[in-house]
Amino acid sequence: MTSSQDACYISLLGLAEYFRTSTPPDIKKCIQCLQALFTFKPPLKVEARTHLQLGQILMAYTKNTDLAKNHLEQAWILSENINNFDDVKFDTASLLAQLYQQQDQSSLAKPVLRKAIELSQHNVYWHCKLLFQLAQTHATDKEYTLASELLAVGVESTDESNATYLKSLFLLSRAMIMMIERKTNDVLAILSQASPIIDHSIQNFHLKEYLKVFFYVLQVCHYLQLGQVKTVKTSLKMLQQSIQTIIAPNWPSDEQIFGQNNTEMFMWLPKEQLYVLVYLVTVSHSMMAGYMDKAQKYTEKALTQIEKLKSQENKPILAVFQIILLEHIIMCRLVMGNKSLAIKEIALAKDVCLSSSNKFLLKKHAPQLHCLLGLYAMSTSLFEHAEKQFYACIQETTERELKLFANLNLAIVYLRTKREQDLRNILEQIQQENSQCSNSQALMGSFYYVQGLNAFHKSSFHEAKRFLRETLKMANAEDLNRLTSCSLVLLSHVFLSIGNSKESMNMVTPAMQLASKIPDIHVQLWGSAILKDLHRMLKEPTQEIEAYNNHVNFSQNLIADQLKCTKFPEHALINWFQGDPPLPMLSQDLLVQPTATIVAPVAIASGSGVPIVVQQQQQQQQQQPGGTYVRLPGTLNQQVMFQ
């Protein structure tokens with residue numbers, strides 16, 4: 001009887017695999033074969049394994065998640081207490097937790113993973129995999145302390161088993177969590193701990209290079225988080241060198257590198273995605289430094305690479321990279337005075353968010369979209385819409401840096417619309433928020449700039465000079481070129497207002513040079529107006545005419561672009577303040593007449609985020625959007641989903 005049953009099991013399993021691997025696969029018959037096994041009342045291990053197989057197939061090939069969940073739950077109940085059954089037991093726990101997570105039931109995923117972690121202490125591979133997964137689950141729920149504690153357990157476990165490569169991954173993943181929590185000193189301590197291990201204790205050259213990319217991405221993001229654009233250059237150069245090594249034609253495939261032994265089957269990201277990520281942090285640096293042309297060039301290259309990867313396998317993290325890069329290039333367009341492209345790309349970013357599973361990206365990026373629309377509305381002098389968009393951003397985000405960024409621009413809206421009481425209130429609020437925020441050079445310098453702008457509008461010129469000199473000190477220390485150019489042109493206007501033409505010229509000349517290099521059309525418009533007045537004061541008619549002509553050209557270009565973009569149906573997006581964004585539509589009442597008054601948004605900066613918890617190389621299960629994000633301060637969008 002037993003022999004006959006075994007023959008039936010083997011035959012049914014063989015048939016199931018035949019139908020699964022047919023061209024095209026016949027998943028219905030495959031499932032029927034597996035279900036037929038239960039009619040023979042198989043042994044406990046066979047029954048558990050069959051439930052697991054059914055759960056895997058249903059998850060991979062169908063949308064019947066409820067049935068998949070039932071099979072996985074049965075597999076977990078049956079296998080939980082079976083000894084020497086690790087692969088089925090822990091694969092089931094991992095897959096079941098993943099399914100719970102997809103259905104927003106992390107409260108069900110956590111106890112399964114905790115129990116599996118408890119049972120897997122004898123198995124380094126599964127123990128570490130499950131620790132990473134549970135840490136990811138807690139991080140997704142913003143329970144960062146618990147995530148950090150689990151990663152610390154991973155460090156201890158790998159220390160005991162001499163799994164040095166895995167120890168490095170746990171350390172770097174924990175550093176990422178610390179970055180999210182804004183624990184600057186802890187980030188530095190962990191990176192300092194990880195660095196010598198990577199340099200001296202990892203013998204495999206290929207694994208070492210992947211760890212170096214992970215390390216340098218964290219280091220670059222850490223410096224950008226602090227607005228230290230100049231300080232980060234060495235680390236960024238090292239990162240770019242490492243990624244060039246990894247993408248070289250003679251570099252082995254990921255499968256070859258990560259398939260040697262079970263404690264080295266983990267990687268952070270595949271090299272193709274690492275390549276995009278390095279572009280992303282390079283874009284972040286370029287934008288924060290004020291090199292819009294460079295940021296735009298690298299963004300376009302990264303988007304091309306994303307499209308190439310999507311054509312091979314459209315993984316959810318690619319959409320995350322895409323939305324971040326779009327947000328960067330939108331800010332480039334606004335700084336460079338190309339609003340018509342900016343509003344088109346805002347609409348595209350909105351569509352990417354809406355197309356994600358369960359509108360996951362929209363939930364995460366709606367505040368950034370509102371902020372972008374606020375900047376766009378402000379640049380088109382639609383201050384009422386700008387105010388509402390910034391307010392929507394502030395209401396929807398829990399990120400202190402994004403709130404501060406929106407508030408700084410909202411302060412300029414109040415300043416331009418002469419709402420003095422609102423301006424006083426928001427400056428007091430910003431003062432309080434700035435003291436609680438991480439020490440970002442970009443944000444702190446921007447706050448001084450806004451105070452200087454306010455003092456200038458009140459004709460408190462001595463006070464304006466004091467604030468702007470603080471801004472320049474911070475901007476020059478870290479090569480924040482756009483902040484420098486904005487401060488210089490405002491200082492020039494201050495000196496012009498008090499009749500000091502020499503100092504005004506000393507300020508506006510480098511401001512125009514920097515603005516041309518960025519290029520920033522708003523500062524160029526402002527600076528050309530100042531130069532026109534200066535040359536008139538100095539009785540230099542030829543230079544005055546040249547400055548006047550430049551001013552007219554800049555103004556006409558901006559007005560023409562504004563008139564163009566207000567005729568686009570996407571322009572109606574500025575009326576979206578809550579809920580899901582609408583489809584683009586024409587809105588004639590929004591076709592306002594443009595004016596020559598162009599407001600440059602303050603503290604345009606950028607950043608990027610990086611995935612934390614590593615993924616296992618061998619498991620090729622279907623991934624769904626989910627996870628949590630890391631944000632860098634001083635940026636409009638700096639988020640990337642953990643994989």
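Guide: Happy to. Let us start with Asp104, which has a relative accessible area of 65% and therefore counts as exposed, the cut-off being over 50%. Please keep in mind that this is a predicted model. Asp104 belongs to the loop that runs between helix 5 (86-102) and helix 6 (106-119). Its backbone deserves a look too: phi of Asp104 is positive, about 55°, although the residue is not a glycine. Most residues other than glycine have a negative phi.

With a relative accessible area of 65%, Asn162 is exposed.

Now back to the surroundings of our loop. Thr137 sits in helix 7, and its relative accessibility of 5% makes it buried.

The whole structure contains 16 aromatic pairs. In one of them, the ring centres of Tyr125 and Phe266 are 5.5 Å apart and the planes meet at 45°, so the pair is tilted.

Another tilted pair is made by Tyr279 and Tyr298, with 6.2 Å from centre to centre and 40° between the planes. Tyr279 is in helix 14 (residues 271-289) and Tyr298 in helix 15 (residues 292-312), so this pair ties together parts 19 residues apart in sequence. Tyr279 is buried, with 14% relative accessibility, whereas Tyr298 is partly exposed at 21%.

Ser284 is in helix 14 and is buried at 0% relative accessibility. Its C-alpha atom is 7.4 Å from that of Ala295, a residue 11 places away along the chain. Met292, in helix 15, is likewise buried at 0%. The C-alpha atoms of Met292 and Cys332 are 5.6 Å apart, although 40 residues separate them in sequence. Apart from residues up to four places away, Met292 touches Met287, Cys332, Val335, Met336, Arg482, Ile518 and Pro519.

The last two names bring us to another backbone feature. Ile518 and Pro519 are joined by a cis peptide bond, with omega about -10°, and Pro519 lies in the loop between helix 25 (501-517) and helix 26 (521-537). A cis bond also joins Thr23 and Pro24, where omega is about -5°. Pro24 is in the loop between helix 1 (2-21) and helix 2 (27-36). Most peptide bonds are trans.

Let us step inside. The largest nonpolar core has 210 residues, and those touching the most other members are Leu172, Leu239, Phe321 and Phe390. Helix 16 (residues 316-335) gives the most to this core, with 15 residues. Contacts of Leu172 beyond four places in sequence include Leu191, Ala194, Ile198 and Phe214.

The charged end of Lys344 sits over the ring of Phe568, 4.3 Å from its centre, and Arg466 lies over the face of Phe467 at 4.7 Å from the ring centre.

Finally, the whole chain. It has 27 helices and 2 strands, and 59% of its 643 residues are buried. Among contacts between residues at least 6 apart in sequence, 69% join residues at least 24 apart. The mean pLDDT is 87, and 89% of the residues reach 70 or more. Do take care with residues 584-643, over which pLDDT stays under 50.

Notes
Residues are numbered from 1 along each chain as its sequence is written. This is a predicted model: local features need pLDDT of at least 70, side-chain atom pairs count only at pLDDT 80 or more; totals for chains, interfaces and linings use all residues. Side-chain values use heavy atoms; hydrogens and water are left out. pLDDT is the predictor's confidence in each residue, from 0 to 100. Contact means heavy atoms within 4.5 Å. A nonpolar core is a set of buried Ala, Val, Leu, Ile, Met, Phe, Trp, Tyr and Cys residues joined through side-chain atoms within 4.5 Å. Buried means under 20% relative accessible area, exposed over 50%, partly exposed in between (1.4 Å probe, protein chains only). Helices (H or I, at least four residues) and strands (E, at least two) are DSSP runs, numbered from the N terminus. Rings of Phe, Tyr and Trp (its six-membered ring) pair if their centres lie within 6.5 Å; planes under 30 degrees apart count as stacked, over 60 as edge-to-face and the rest as tilted. A charge sits over a ring if NZ of Lys or CZ of Arg is within 6 Å of the ring centre and within 35 degrees of the ring normal.
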